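Subject: Handing over the two-chain model

Hi,

Here is the structure I promised to pass on. Please have a look at it first, and then read on for what turned up.

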Amino acid sequence: MSFYNCYEKFKNFDYDSFFEKVTESDILRILNKNKIDQYEFLALLSPVAENFLEEMAQRANILSLQHFGKAILLFTPMYLANHCINQCAYCGYNINNNIKRKKLTLEEIEKEAIAIASTGLRHILILTGESPKDTPLSYIIEAVKILKKYFDSIGIELYPMTEDEYKKIIEAGVDSLTIYQEVYDEEIYDRVHISGPKKDYHFRLDTPERGCMAKMRNVNIGALLGLNEWRREAFLTGLHADYLQNKYPDVAISISPPRIRPHAGCFEDVYPVTDKNLVQYMLALRIFLPYLGITISTRESAGLRDNLIPLGVTKMSAGVSTEVGGHSTDDKGEGQFEISDIRSVEEVKEAILSKGYQPIFKDWMHI
Amino acid sequence: MDKLVIGGVELKSRLLIGTGKFSSKKIIPDVIKSCETQVVTMALRRVDLKAKEENLLEYIPKDIILLPNTSGARNAEEAVRIARLARAMGCGNWIKIEVISDNKYLLPDNQETIKATEILAKEGFVVLPYMSPDLMAAKRLVEAGAAAVMPLGAPIGTNRGIKTKELVQILIDEIDLPIIVDAGIGRPSEAAEAMEMGAEAVLVNTAIATANDPVNMAKAFSFAVKAGRIAYLSKLGPTKQYAQASSPLTGFLNEGEL
């Protein structure tokens, strides 16, 4: 059994006629329930539910306080390389894009680590494009060994790997895996992933599960919002998280709701996702899966990020550079996308405190 | 009030508090002061010895007994490793075992908890295991060398009160170690209820940390715990199904033939 079986159930689902039938009293009834099912989750993602965002926010706020308290974990990504053999229509690293490519040497990784650690951050997420020739597993493991000296938690957002490869990477000191499906709709997936290994929908879809089987502590999934009608992608992301949480209860599952940002190369075929849509997505998720982690990146603006804090965010990136070597070198590789919240770690920390929440720098340790 | 003894240490306060979920670490010293707690738990994984301002330990007065917990451990082996790290980091030899391999409800794994308790008790730790209230598991924790048993009142963070009342009562009646109700207590009246039942202490975190005024809420909990303990020691009157009038209408029947 794979999540694909769950996906198939909804492959030809008539979302529009489902949404048409949702009534205001349905939403009120759902908001008074203790535990909601898949269809009730979908109803909370409906256009009708937009009239109840405040009620949903109140409920989501209480659930978040109960389960996570007034605490927001901070982390930052570190881009190790931007070499990529994939041709993805929406990504700056696209093999056909004429950008400056760079791969950090081990010495540069250490320099970058020192620069990031000096801001107080203890959780790091390392990223590369997909290029087994430039950034093979052995390179990643060497990088992790260096980073372990400076950070208490290391996450990876790399290309999909096998279960055995994940086991090796965990052994080296990684505890968290982030892997986005980008788009759950199989046809759109095929269209936007023009060439390269990423074209394999099934291998990517099962990647979070391979991470769970390898005993990652945290697995973070998500859809890149804008590639398809957001309500459908939000729904399928929620189902995927629920599937993983039920099957692998020892893994902490979280989601990110990234929206497409400007990047090198151009991709015009973007579905709109407003701030209001993003909020509805987060609230519906929190009510459907009260124990789910929710990560908000610097793709979103400072003002919006601050306002999202009480709605169920558990983790935020801060002091971000998406450029390879962006924290410590002048000779940087081009970024994956433009960030929106450019505040420093200290500024983000102060903003969280002023919202009445505690910024957490360390929530794990190598054991 | 009578004293609570855990691991050979006499405690005046029967309220233990947690340090997670607060809006700021800076408020923690005031919370500790206002409720006069003597034992404070914290997730070892959040302790950062490298960063002074961000180090939770800096906010806990030196005369407080630290009760590091093994939150994050998915099995006995990981709990044991975290406990040893805690001791090596200078957090003393008290340890609260939390083994949770269910990220959906955060319910403890009793079997792994028993294993970890046995190993750590032998190594000289004062072990306080957090558990789902189950009599046989509690008996095994006693055999394993626990210093107290900490059953949950409701799933952690839910503030729903002592939903496991019947089972916790059995532990109070049958287990010779102090029973400390941990998790689920959402309001001072529920802390008082646990104490009236005969619990030796309660551990509260979410209800204090997420209150609008955590310092005063901590004080309210402290009063409630004291009231509940005094009520327990004073032996509550029996409860009855029907009202009992002070001037009964059928009293004449007992007075013999007129």
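In what kind of interaction do the side chains of Lys133(A) and Asp134(A) meet? They meet in a salt bridge, with N and O 3.9 Å apart; the rule asks for a side-chain nitrogen of Lys or Arg within 4 Å of a carboxyl oxygen of Asp or Glu. Lys133(A) is exposed at 72% relative accessibility, whereas Asp134(A) is buried at 17%. Here buried means under 20% relative accessible area, exposed over 50%, and partly exposed in between (1.4 Å probe, protein chains only).

Some housekeeping before the rest. This is a predicted model, in which local features need pLDDT of at least 70 and side-chain atom pairs count only at pLDDT 80 or more, while totals for chains, interfaces and linings use all residues. Residues are numbered from 1 along each chain as its sequence is written, chains are lettered from A and ligands numbered from 1 in the order in which they are written, and side-chain values use heavy atoms, with hydrogens and water left out. As for confidence, chain A has a mean pLDDT of 92 (the predictor's confidence in each residue, from 0 to 100), and 99% of its residues reach 70 or more.

**Salt bridges within the chains**

Over all chains, the rule gives 44 salt bridges. One of them pairs Asp152(A) with Arg122(A), their closest N and O atoms being 3.9 Å apart. Asp152(A) sits in the loop between helix H7 (137–147) and strand E4 (153–157) of chain A, and Arg122(A) in the loop between helix H6 (106–117) and strand E3 (123–127), so the pair ties together parts that are 30 residues apart in sequence. (Helices, H or I of at least four residues, and strands, E of at least two, are DSSP runs numbered from the N terminus.) Both partners are buried: Asp152(A) has a relative accessible area of 11% and Arg122(A) one of 7%.

In chain B, Arg14(B) forms a salt bridge with Asp2(B) at 3.1 Å. Arg14(B) is buried at 2%, while Asp2(B) is partly exposed at 28%.

**A buried asparagine**

Asn86(A) lies in the loop between strand E1 (71–79) and E2 of chain A and is buried, with a relative accessible area of 2%. A polar atom of the Asn86(A) side chain is 2.9 Å from the backbone nitrogen of Lys198(A). Beyond its neighbours within four places in sequence, Asn86(A) is in contact (heavy atoms within 4.5 Å) with residues including Glu130(A), Ser195(A) and Pro197(A).

**Where the chains meet**

At the interface, 37 residues of chain B are in contact with 36 residues of chain A. The buried area (accessible area, 1.4 Å probe, that two parts lose on being put together, summed over both) is about 3,100 Å², and carbon and sulfur atoms give 46% of that. On the chain B side, Arg45(B), Arg74(B) and Lys104(B) lose the most area to chain A, together 23% of what that side buries. Four salt bridges cross the interface. Arg46(B) and Asp363(A) form a salt bridge too, at 2.9 Å, N to O.

**Chain B overall**

Chain B has eight helices and 10 strands. Its C-alpha trace spans about 90 × 40 × 35 Å along the principal axes, and 55% of its 258 residues count as buried.

Best wishes

Conventions
Polar contact = N/O pair within 3.5 Å; in protein donor to acceptor, adjacent residues only side chain to side chain.
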